[in-house]
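These are my notes from a first reading of the model. I set down what I looked up, entry by entry.

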Amino acid sequence: MLPPVLIISISIVAIEVVVGVTGNGFITAVNIINWIKSKKISSADVILIFLSTSRFILQVTILMHIHSLYFADVFKLASVYKALGAVWMFVNHASLWFSTWLYVLYCVKIINVTQWLLLQIKLRIAGMVPWLLLGSLLISSVTSLPLLWITPSTYLCSSTGNCRENSTATVWDSSHLYLLLLYLVGCFFPLVLSVVTSALLITSLWKHTKKMKCYVATFRDPLIDVHLIAIKSIISFLILYLSSFVAQILLILSTSQSKDAVKVAVSLVIAGAYPSIHSIILIIVNSKLKLAFKMLCQHLKCHLENTMVCLVL
C-alpha cells in the first residue's frame, strides 16, 4: 500500500503530464502543419519542434520513473533500469539545450549589437541552428550514455540481472555520485548560457529605454514590449528549471521509498511541473501559437454548441 502523500503526488504528476503532453503536442503539431503548408520553416520553429518533442519524451520518462519506483517489477531489471536512467538524462539535457538556444536566438534577434563577434553571430545564427541542435544531441549523449555502465546501487542486482531494493543503500555511494556528476555537468553550460542571455536582454532593455527617454517621454516603443516579453519568458524558464533542478537532485539522492516518501512526492510534483508549465508559457508568448490556440478553442466551442443543439433536437 502506497503512502497517501505518494498517491496524491502521483495524481498531481499525472495531471501535469497530461497538460504537458497536450501542450507540447500542440506546439509540435502547429509548427509541422505550418511547415507543410508554407514549405518553409523559421529557425525558432525548428528549435520549438525539437524542444516540444524532447519534452514529450521527458514526461513519458517521468511516468516510467514512477512505475520503476512503485509499480512495475520489470523495471527492477538492471539493464532496463539503467536504460531508463540514460533516456531520462538524455532528454533532460537535450531539452535544456534546446530551451537555451531558443532564448539565445531571441536575444540575438532583439538586441542591438555593435561588437564584431556578436554582429557575426546575429548574421549567421539562422545557418548555425541545425549545427547547434546536432551538437546539443551529441553533448547530451556524452552526458547520458555512461549511465548504461553504472550499476544502480538502489537495487541489489543478482547475476541474472534481477534486482531487489537495497534498503541499506546510502545516499552518497558511488552510483549516486556518478549520476549526480553527469547531471550537473550536462546542466552547467546551458544554464550559464541562459543566465548570460537574460543578462544581455536586461542590459539591452535598460540601454534602449534610456535612449528613448532622450527623444520622447510619452511614446510607447514596441521594442520595449518585445524586450519585456522575452525577459519574462526566460526568467520564468530559469525559475521553473532551477526548481526542477533541485527536485531532480533530490530524486537522484533518494534511496528508500519509505524513508524519503515526502521528499520523493514533492520532488516528483516539482520536476513534473517544469516541462508542463513552460509549454504553456511558450504558447502564450508566441503570437503564432497563441493565435492557433484561440482558433482551436473557437472550433471546439462551435463543435460543442452544434453537438448540444443536435442533442436537444
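**Entry 1: terms and overall layout**

I take helices (H or I, at least four residues) and strands (E, at least two) as DSSP runs, numbered from the N terminus. I note that this is a predicted model, in which local features need pLDDT of at least 70, side-chain atom pairs count only at pLDDT 80 or more, and totals for chains, interfaces and linings use all residues. Residues are numbered from 1 along each chain as its sequence is written, and side-chain values use heavy atoms, with hydrogens and water left out.

I looked up the elements and found 8 helices and 2 strands. Along the sequence they follow the pattern α-α-α-α-β-β-α-α-α-α.

For burial I use relative accessible area: buried is under 20%, exposed is over 50%, and partly exposed is in between (1.4 Å probe, protein chains only). Of the 313 residues, 45% are buried. With contact meaning heavy atoms within 4.5 Å, I find that 77% of the contacts with a separation of 6 or more join residues 24 or more positions apart.

I located serine 43 in helix H2. Serine 43 is buried because its relative accessible area is 15%. Beyond its neighbours within four places in sequence, serine 43 contacts Leu105, Ala126 and Val129. I also looked up isoleucine 125: it is 82 residues from serine 43 in sequence, and the C-alpha atoms are 8.5 Å apart.

Serine 144 lies in the loop between H4 and strand S1 (155-157). Serine 144 counts as buried, at 2% relative accessibility. Residues up to four places away aside, serine 144 touches Ala86, Met89 and Phe90.

**Entry 2: the cores**

I define a nonpolar core as a set of buried Ala, Val, Leu, Ile, Met, Phe, Trp, Tyr and Cys residues joined through side-chain atoms within 4.5 Å. The largest such core has 54 residues, and Ile47, Tyr183, Leu201 and Tyr241 have the most contacts inside it. Among the elements giving two or more residues to this core are helix H1 (4-38), helix H2 (43-70) and helix H5 (174-213). Which helix gives the most to this core? H3 does, with 16 residues.

I followed tyrosine 183 further.

**Entry 3: cysteines and one backbone angle**

I searched for disulfides, meaning pairs of cysteine sulfur atoms within 2.5 Å; the count is 0. Cysteine 187 is buried, at a relative accessible area of 0%, whereas cysteine 302 is partly exposed, at 43%.

Most residues other than glycine have a negative phi. Lysine 39 has a positive phi of about 65° although it is not a glycine. I place lysine 39 in the loop between H1 and H2, and it is exposed, with a relative accessible area of 70%.

**Entry 4: the surface**

Accessible areas here come from the Shrake-Rupley method with a 1.4 Å probe; for residues, only the protein chains shown count as cover. The protein exposes about 17000 Å², of which carbon and sulfur atoms supply 74%.
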